[in-house]
Amino acid sequence: MTFLNEPPRFVLSRWLFLKLLAVIYGIAFGSLIPQVQGLIGTNGLLPMHFYLQRAFEFWGAEAYYQLPTLLWIHPSDTFLIGLCWLGIFLSAIALTTSVAPATTFGMLWGLYLSLTIAGQDFLSFQWDVLLLETGLLAVFYCPRGSHGATPYSKQPAVSARWLIWGLAFKLTFLSGITKLLSGDQTWRNFSALQYHYETQPLPTWISWYLHNMADWFGVMSVVLMFVIEIVIPFIIFFPPTFRKTRTGGCVLLCVLQVAIALSGNYGFFNLLTVVLYLSLLDDYTLRKVLPRSFFEIPAPHRAEGQRVLRPSDYALGAIILILALLSALTFVREIVPPNRMPAWTLTATRWIAPIRSINGYGLFRTLTTERPEIVIEGSLDGTDWKEYSFKWKPGNQTARPMFMQPYMPRLDWQMWFAALSPQDNAHWLFPLADHFLEDNTTVLNLLSHNPFPEQPPRFVRFLLYQYRFSAPEDEIDGQWWNRELVSDLTGPLSRRLNHQLP
């Protein structure tokens with residue numbers, strides 16, 4: 001059977017998109033299990049039960065609306081880990097079966113929303129909200145059957161499909177245009193990549209080589225990036241019959257994500273973005289690259305175009321229209337100055353803010369040109385100091401930057417933000433010091449090495465260093481980083497003191 005001359009169908013395309021999204025959900029939930037207790041558990045850096053308690057004291061019953069999380073039920077470590085395992089279980093169900101897909105993906109979205117809200121600073125990254133937005137839209141993109149392979153035999157609704165494509169466009173175009181609109185000169189003069197490889201949160205060893213390339217290579221890379229992020233996304237709006245054009249655009253978009261993933265660690269962000277791009281491909285295109293046994297595309301339903309609309313169809317259409325309008329609003333608010341937007345737009349975005357699932361995007365719209373790093377040291381006597389080593393963030397100058405994606409080491413990532421603004425992150429930095437002083441293994445397990453295995457230190461201090469990639473001509477062989485002490489962020493800290501950063 002040939003599909004070349006038939007209207008484009010997206011049965012296999014939707015099936016592949018949802019199965020890959022289930023994999024990403026599994027990765028997201030799975031990567032939280034070894035670290036979530038140390039971050040937000042009852043004995044973690046930002047205990048969720050204190051957070052929810054303070055929110056209720058401030059808002060009263062409105063806190064349930066502002067912070068819609070299942071952890072209101074029982075903010076304990078057991079329940080927290082249970083939600084993660086339930087997420088993994090539901091991800092496996094969504095991946096391996098076709099049982100009530102809309103319900104399953106709705107539950108996955110609700111679980112991840114619950115965790116991101118309880119996660120506070122540690123689950124507030126753009127890929128977290130991107131997964132939430134993708135997951136919410138996937139609920140409406142899912143087949144509406146309850147079980148078996150039958151639901152996947154029908155063509156998905158065009159309006160639901162455009163929700164997914166609209167998100168792919170919004171994410172990509174905003175990632176490019178906001179860099180130019182921000183006024184950041186490093187983007188405007190195409191010099192950004194002379195700094196980015198070195199100053200991004202968690203570089204890979206490939207970043208070192210890219211950083212030491214000739215300047216012209218960085219300039220050309222920025223130009224190509226802007227073309228792919230600002231121009232190529234408009235291919236999404238080409239009719240699906242333009243298969244070659246859409247396929248070429250999809251390839252270029254995916255190549256950019258692969259390049260970003262090779263030069264930096266961004267958790268599951270690049271993989272999720274690629275999955276969004278793959279939704280652009282129709283069944284005929286996918287059949288050319290997937291094994292024949294991968295999925296058997298059912299024959300088109302002759303009655304598909306003659307289906308009688310039910311009240312539920314109209315309700316679904318209305319919800320999809322509202323989501324599309326709200327998504328368009330978040331898009332406009334990213335590129336139009338706030339003082340030029342009507343007041344009602346701010347009200348609308350505040351109304352939808354609690355679900356964190358209709359968002360604007362703009363990764364690295366302003367670039368840091370230097371790399372400060374916080375180094376934490378402990379001492380038994382206040383004289384001899386030993387450095388704490390993190391698993392992934394730069395520390396040891398001879399340690400090669402590593403790949404850890406799609407795993408997302410959230411403390412290491414947050415340490416990058418803390419170095420840029422220690423005062424704004426003092427609310428969890430000082431608890432981090434306290435847990436070191438108290439020898440809290442739940443938190444210490446987030447590190448790669450505890451320099452005080454026998455007894456906890458009496459003092460801890462924070463130092464601020466400036467890190468730079470070494471150059472090929474540096475005399476010290478095997479050194480990936482050079483560093484220079486900038487200042488002492490704190491003096492020696494002991495237990496249960498009122499800490500304050502200068």
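These questions and answers go through a predicted model and the terms used for its parts.

User: What makes Q479 a buried residue?
Analyst: Buried means under 20% relative accessible area. Q479 has a relative accessible area of 15%, so Q479 is buried.

User: Where is Q479 placed?
Analyst: Q479 sits in a loop. The loop runs between β5 (459-469) and β6 (481-488).

User: How do you know that the side chains of Q479 and N482 make a polar contact?
Analyst: The cut-off for such a pair of N or O atoms is within 3.5 Å. The side chains of Q479 and N482 are joined at 2.6 Å, so the pair meets the cut-off. The side chain of Q479 also reaches the backbone oxygen of W481, at 3.0 Å.

User: Which residues does Q479 contact, leaving aside neighbours within four places in sequence?
Analyst: Q397, T398 and S470.

User: What is the order of strands in the open sheet of four?
Analyst: The order is β2-β1-β5-β6, and the pairing is antiparallel.

User: Why are β2 and β6 said to stand at the edges?
Analyst: Each has a single partner strand, so one side of β2 (385-387) and one side of β6 have no neighbour in the sheet. From one strand to the next, the twist averages 40°.

User: How do you know that β1 and β2 are paired?
Analyst: Pairing needs at least two bridges. Three bridges join β1 (residues 371-379) to β2, so the two strands pair. They run antiparallel. S379 faces W385 in β2, and G378 faces K386 in β2.

User: What makes β1 and β5 a pair?
Analyst: Nine bridges join β1 to β5, against a requirement of at least two, so they pair. These strands also run antiparallel. R371 stands opposite Y467 in β5.

User: What is found between the strands in the hairpin of β1 and β2?
Analyst: Five residues lie between the strands. In this hairpin G382 takes a positive phi near 85°.

User: Why is β1 called mostly covered?
Analyst: Nine of the nine residues of β1 are buried. R371, E373, V375, E377 and S379 point one way from the strand. P372, I374, I376 and G378 point the other way.

User: Which strands does helix α18 lie across?
Analyst: Helix α18 (residues 410-420) lies across β1 and β5, at about 105° to β1. Helix α19 (residues 426-437) packs on the sheet as well, touching β1 and β5. The direction of α19 makes about 120° with that of β5.

User: Which residues touch the most other members of the largest nonpolar core?
Analyst: Y112, I374, I376, L411 and W428 do. The core has 130 residues. Helix α1 (residues 11-32) gives the most to this core, with twelve residues. Another core, of eight residues, lies apart from it and includes W208, L463, F469 and W480.

User: Why is helix α14 described as largely enclosed?
Analyst: Eight of the ten residues of α14 (residues 269-278) are buried, so the rest of the structure largely encloses the helix. Among the buried ones are F269, N270 and Y277. The buried residues pack against α1, α7 (126-141), α8 (158-181) and α13 (243-263).

User: Are C84 and C250 buried or exposed?
Analyst: Both fall under the 20% cut-off, so both count as buried. C84 has 0% relative accessibility. C250 has 3%.

User: What makes K179 buried?
Analyst: K179 is found in helix α8. Its relative accessible area is 4%, under the 20% limit, so K179 is buried.

User: Which backbone oxygens does the side chain of K179 reach?
Analyst: The side chain of K179 reaches that of S175 at 2.5 Å and that of L363 at 3.2 Å. Not counting residues up to four places away in sequence, K179 touches residues including D184, W187 and E229.

Definitions and conventions:
Residues numbered from 1 in each chain as written. Predicted model: local features only at pLDDT ≥ 70, side-chain atom pairs only at ≥ 80, totals over all residues. Heavy atoms only, no water. Buried < 20%, exposed > 50% of the residue type's maximum accessible area, 1.4 Å probe, protein only. Polar contact = N/O pair within 3.5 Å; in protein donor to acceptor, adjacent residues only side chain to side chain. Contact = heavy atoms within 4.5 Å. Axes fitted to C-alpha atoms, helices over the stretch in contact; angles between N-to-C directions. Core = buried A, V, L, I, M, F, W, Y, C linked by side-chain atoms within 4.5 Å.
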